[in-house]
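Here's a quick briefing to read with the model open next to you. Grab a viewer and follow along by chain and residue number.

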Amino acid sequence: MQVNTQHSGEALLVAENLTKVFRRRPNCGGALRAVDNLSFTAYRGDVFGFLGPNGAGKSTTIRMILGLIYPTSGRVAIGGHTLAGDRLSALRQVGAFVEAPSFYPYLTGRKNLEIFSWLSGGAREAEIDWALEMTGLRGRELERVAVYSHGMKQRLGIAACLLPRPELLVLDEPTDGLDPHGIREIRELIVRLAGEEGLTIFLSSHMLGEVENLCNRIAILDRGRLILEGQLAELERRFRGVELATSQPAEAAALLRDRFGLAAQPGDRQSLRVSPSNSVDISAINAALVQAGISVRALAPETAWLERLFLEHTSSMESQNTKSETRRPEHET
Amino acid sequence: MKPEMFLSLRAVLRFEWVKLRGRSITWVPFLMLTIIVALIVTVCHHVQFIHAKALFARFQVIFRRKEEFVNGYHMTAHAMNPIFQLLVPIFITVASGLMVAGEAEQGTLRACLVRPVSRRRLLLGKFIILAGYALAISCFAIVLLAGLGVLNFGTGNLYTLNIFFSNGQEGVSTVPAAEVPLRLVMAWLLATAGMMVLAALALLISSLVESTAMAYVVTLSIYLSFLTLHSFPFLEWLRPYLFVTHMLRWQQCFYSYVKTGEIYVSLVHLAGYLTAFLAAAVLLFEQRDIKS
């Protein structure tokens, strides 16, 4: 499913019909189609959220984007350079870490940044200072990475991605394993990099709140297939409902159906979730319910709408897995 | 080679060198060699080469005085055998295993490969640094052996029992004292060439597997199996086809007369093995999916 893929910006990362089939022994279940005909586009300036449950194929896709894994078919282009044809030019525009950032523990944080930057053409001392400043590692850069905490390693991973300054930042689960403080720091850093530095960020995560707070576009992947792609604002407009807490859910549901033509599903503890509609606003619903003598304890936009959308779409794949290709996304041409 | 490629290779070499230098395990072979050579010198002092005298006597080579055959060169040449057949290959295998499989296991290999550096150049850079490391270890071993040997036991003609030096012939070879330093340099260079082939083989194995332990086990198993075949008396016809035969050609530097023809043939073989192992390593590494 694609929701408003129109975008005025310039395409920076394009994945077209990416497929990866891993060969396995017959007694291990035969070939595994980890990614299946996947297409999406991240535009310059986007913070692109790449969502999917564990085993959906997110890391395999990211590895194909970065040239670590060769696609069975399909192509990836970064800034107009295809990975298959001109891998080095494509990767010159990217700073990335996959899964967890890895460093040489016996070297200092600064030395790690310095030597990794050599592989990308080198970075000046001032650039290294800037990356350390951005990631809040100033003052700790001369300590060996072996003594760094998990959060510091994550931040060092982002610092390494920034050297030399890339166009596109690919971050795979950057807040994985962090405590709430660490998560908040990384989120603030991503906001700064996208806002102040104008970087395009491709963020893989299964933390939906994180994606909702940070991203302007998302793609949801399940079992290697693209389930949903679009601008977050448009998805919110289409899928975010209203949560109604009332002691008379049956009466409220009937009123909403008869008066506004809205479908209402029962939620937890005498609440209803009302499907969204462009033509009806919350105040009109509230007025109608009160007029009908139905007590309204709470009426507010749905909070966990992205989680619901994610769970609905990813779980529904299980039951429809063997059916026809109805869940296959229709891609842009 | 384009200037950009050259710059990039230089960057890879700097990168690999800083990593190698910073790793404490890099320096362990030098410490081990120092300990072992010191032990050899101590033992030689203690036993006064009695065993060697008996061996020479067995081959009906009678020296009037022990000093005629016991000297620093004698100790160096005979100690090179176990050091270059077993110890240095283990050090090289460990270093190369850490360079690819070790990095794959640690996750730093993917951190390198998401950067704009070609896999071929990265592997080539690793091999060049590894070759330099092999050269340094071999040089250190020989300088230490010869240095401590000469300091403790002096110089003199080098008498070696041929049976210990890979040609299977009985008897004693004699190298005049003045020629020995040159022979040692030749032996060092030839032994290093052999170690480079082993380094290329180890890189090939390391490129195929994602576990460091597996890389060590497979490489050493191949090397030791070939060494066993080489040492087996009834398989002499097989020897020219074994890469270890050519790796051990440095031993001929301690014969009375150096068979230069055989050494050239071995050098050609070693170059062939090196190219084949390295080309296979690059080919496999370029095509491999990095899943670790």
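What follows is a short tour of the two chains, grouped by topic.

This is a predicted model, where local features need pLDDT of at least 70, side-chain atom pairs count only at pLDDT 80 or more, and totals for chains, interfaces and linings use all residues. Residues are numbered from 1 along each chain as its sequence is written, while chains are lettered from A and ligands numbered from 1 in the order in which they are written.

**Chain A overall**

- Chain A has 11 helices and 15 strands; these are DSSP runs numbered from the N terminus, with helices being H or I of at least four residues and strands being E of at least two.
- Of the 333 residues in chain A, 42% are buried, meaning that 20 or more other C-beta atoms lie within 10 Å of the residue's own, with C-beta atoms placed from the backbone.
- Take the contacts in chain A with a separation of 6 or more: 70% of them come from residues 24 or more positions apart. A contact here needs C-beta atoms, placed from the backbone, within 7 Å.
- Helix H3 (residues 109-118) of chain A is mostly covered, with 10 of its 10 residues buried. Charged residues turn up in that list too, including A:Arg110, A:Lys111 and A:Glu114.

**The four-stranded sheet in chain A**

- Four strands of chain A form an open sheet with antiparallel pairing, in the order E13-E14-E12-E15; two strands pair if DSSP finds at least two bridges between them.
- Strand E13 (264-266) and strand E15 (296-301) of chain A sit at the edges, each pairing on one side only.
- On average, neighbouring strands of this sheet are turned by 20° against each other, direction ignored.
- Strand E12 (residues 242-246) of chain A runs antiparallel to E15(A), joined by five bridges. Looking at partners in E15(A), A:Ala245 goes with A:Ala298, and A:Thr246 goes with A:Val296.
- E12(A) also pairs with E14(A), again antiparallel, over four bridges; there A:Val242 stands opposite A:Val274.

**Helices against the sheet**

- Helix H9 (residues 249-260) of chain A lies across E12, E13 and strand E14 (271-274), and runs at about 165° to E13(A). Such angles run from 0 to 180 degrees between N-to-C directions, using axes fitted to C-alpha atoms, for helices over the stretch in contact.
- Helix H10 (residues 282-291) of chain A packs on the sheet too, touching E12 and E15 of chain A, and its direction makes about 165° with that of E15(A).

**A helix pair in chain B**

- Helix H6 (residues 119-153) and helix H7 (residues 180-208) of chain B pack at about 145°, with axes 9 Å apart.
- Among the residues that meet are B:Leu123, B:Phe127 and B:Leu130 in H6(B), and B:Leu184, B:Trp188 and B:Met195 in H7(B).
- By type, this contact holds 17 nonpolar residues, two polar and one charged. Nonpolar covers Ala, Val, Leu, Ile, Met, Phe, Trp, Tyr, Cys and Pro, charged covers Asp, Glu, Lys and Arg, and the others, Gly among them, count as polar.

**Where the chains meet**

- Chain B puts 23 residues into the contact and chain A puts in 24.
- Helix H1 (3-22) and helix H5 (108-113) of chain B each supply at least two residues of chain B's side, and H1(B) gives the most, with six.
- Chain B's side divides into 10 nonpolar, six polar and seven charged residues.

Terms used:
Contact = placed C-beta atoms within 7 Å. Buried ≥ 20, exposed ≤ 12 C-beta atoms within 10 Å, placed from the backbone.
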